[in-house]
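Keep the structure in view while reading.

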Amino acid sequence: SVSMSMSRAAASEAASKASAASKSRGGVSSRSSKSMSRAAADAAAKRGGLVLSLAKKKVSFCVNNVTGFLQAVSSMSDGALVALHGEFVTLSLAAFSANKGVSETFSGDRFVASFNATKACGTHRTACVAAAHQFQHDLRTAYGEKYAAH
């Protein structure tokens with residue numbers, strides 16, 4: 001799992017820049033606080049204020065690479081390549097969403113999902129591993145040993 005955070009100084013500087021930028025675009029003020037309650041943030045937003053808040057939390061990322069894909073595409077037609085990649089995308093999305101993950105990106109044979117970043121997942125570590133295993137299992141079920149996730 002990966003812990004992401006921003007220092008208070010960096011958050012304060014970002015809030016100051018956002019305030020200056022929003023004022024120059026029409027006078028919308030921004031408001032920043034070390035610990036603003038949800039009610040105070042909602043009230044500020046209703047008054048037209050820009051509310052910046054950062055929360056530190058633990059997240060997990062699942063990165064799957066498909067072995068054998070790059071070797072196979074060198075001899076495939078464009079249509080076959082698109083179809084195969086589409087099947088890989090479908091399998092990865094199914095594995096990630098079934099385990100409360102959010103697909104972040106995919107490129108070639110690499111598929112990345114986050115757990116507990118944009119969508120709450122209290123058991124993010126376990127869910128991340130379960131998604132990786134499910135993707136690997138689904139690839140083997142569909143293609144045998146030709147392709148494997150690692």
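In the hairpin formed by β5 and β6, with 2 residues between the strands, G108 has a positive phi near 60 degrees. The model is a predicted one. One of the bridge pairs links S107 to R110 in β6.

T105 belongs to strand β5, which covers residues 102-107. Apart from neighbours within four places in sequence, T105 is in contact with R110, F111 and V112. T105 is partly exposed, because its relative accessibility is 42%. The C-alpha atom of T105 is separated by 9.6 Å from that of V63, and the two residues are 42 apart along the chain.

Strand β6 also pairs with another strand. Over 6 bridges, β6 (residues 110-115) pairs with β4 (residues 57-67) in the antiparallel sense. F61 has S114 in β6 as its bridge partner. Strand β4 in turn pairs with β7 (residues 148-149), again in the antiparallel sense, over 2 bridges. Here T67 has A148 in β7 as its bridge partner. As a general point for reading such strands, side chains in a regular strand alternate between the two faces of the sheet.

For the whole chain, the secondary structure comes to 5 helices and 7 strands. Along the sequence these elements follow the pattern β-α-β-α-β-β-α-α-β-β-α-β. Among contacts between residues at least 6 apart in sequence, 59% join residues at least 24 apart. The protein has 150 residues, of which 30% count as buried. Its accessible surface comes to about 9,300 Å², and 55% of that surface belongs to carbon and sulfur atoms.

The next step is to the helices. Helix α4 (residues 78-98) and helix α5 (residues 124-143) have axes that come within 8 Å and cross at roughly 145 degrees. The crossing of α4 past α5 is right-handed. On the α4 side the contact is made by L84, E87, F88, L91, S92, A94, A95, F96 and A98, and on the α5 side by A131, Q134, F135, D138, L139 and Y143.

One of these residues, F96, lies in helix α4. F96 is buried, because its relative accessibility is 1% and the cut-off for buried is under 20%. Leaving aside neighbours within four places in sequence, F96 is in contact with C62, N64, G101, S103, F111, V112, A113, F115 and A131. The C-alpha atoms of F96 and A127 are separated by 8.6 Å, with the two residues 31 apart along the chain.

Most residues other than glycine have a negative phi. K100, in the loop between α4 and β5, has a positive phi near 65 degrees. N116, in the loop between β6 and α5, has a positive phi near 75 degrees. Are these residues buried, partly exposed or exposed? K100 is partly exposed, at a relative accessible area of 49%, whereas N116 is buried, at 13% relative accessibility.

The aromatic rings come last. A pair of such rings is described by the distance of the centres and the angle of the planes. With centres within 6.5 Å as the rule for a pair, the count comes to 6 aromatic pairs. One of them is formed by F106 and F111: the ring centres are 6.2 Å apart and the planes stand at 25 degrees, so this pair is stacked, the cut-off for stacking being under 30 degrees. F106 is partly exposed, at 39% relative accessibility, while F111 is buried, with a relative accessible area of 1%. F111 is also among the residues in contact with F96 and among those in contact with T105. Elsewhere, ring pairs link F69, F88, Y143 and Y147 into a cluster.

Key: Residues numbered from 1 in each chain as written. Predicted model: local features only at pLDDT ≥ 70, side-chain atom pairs only at ≥ 80, totals over all residues. Heavy atoms only, no water. Phe/Tyr/Trp six-rings, centres within 6.5 Å; stacked < 30°, edge-to-face > 60°. Buried < 20%, exposed > 50% of the residue type's maximum accessible area, 1.4 Å probe, protein only. Helix = DSSP H or I, 4+ residues; strand = E, 2+ residues; numbered from the N terminus. Contact = heavy atoms within 4.5 Å. Pairing = 2+ DSSP bridges. Areas by Shrake-Rupley, 256 points an atom, 1.4 Å probe, with all protein chains shown as cover. Axes fitted to C-alpha atoms, helices over the stretch in contact; angles between N-to-C directions. Left-handed = near helix turned anticlockwise from the far one by under 90°.
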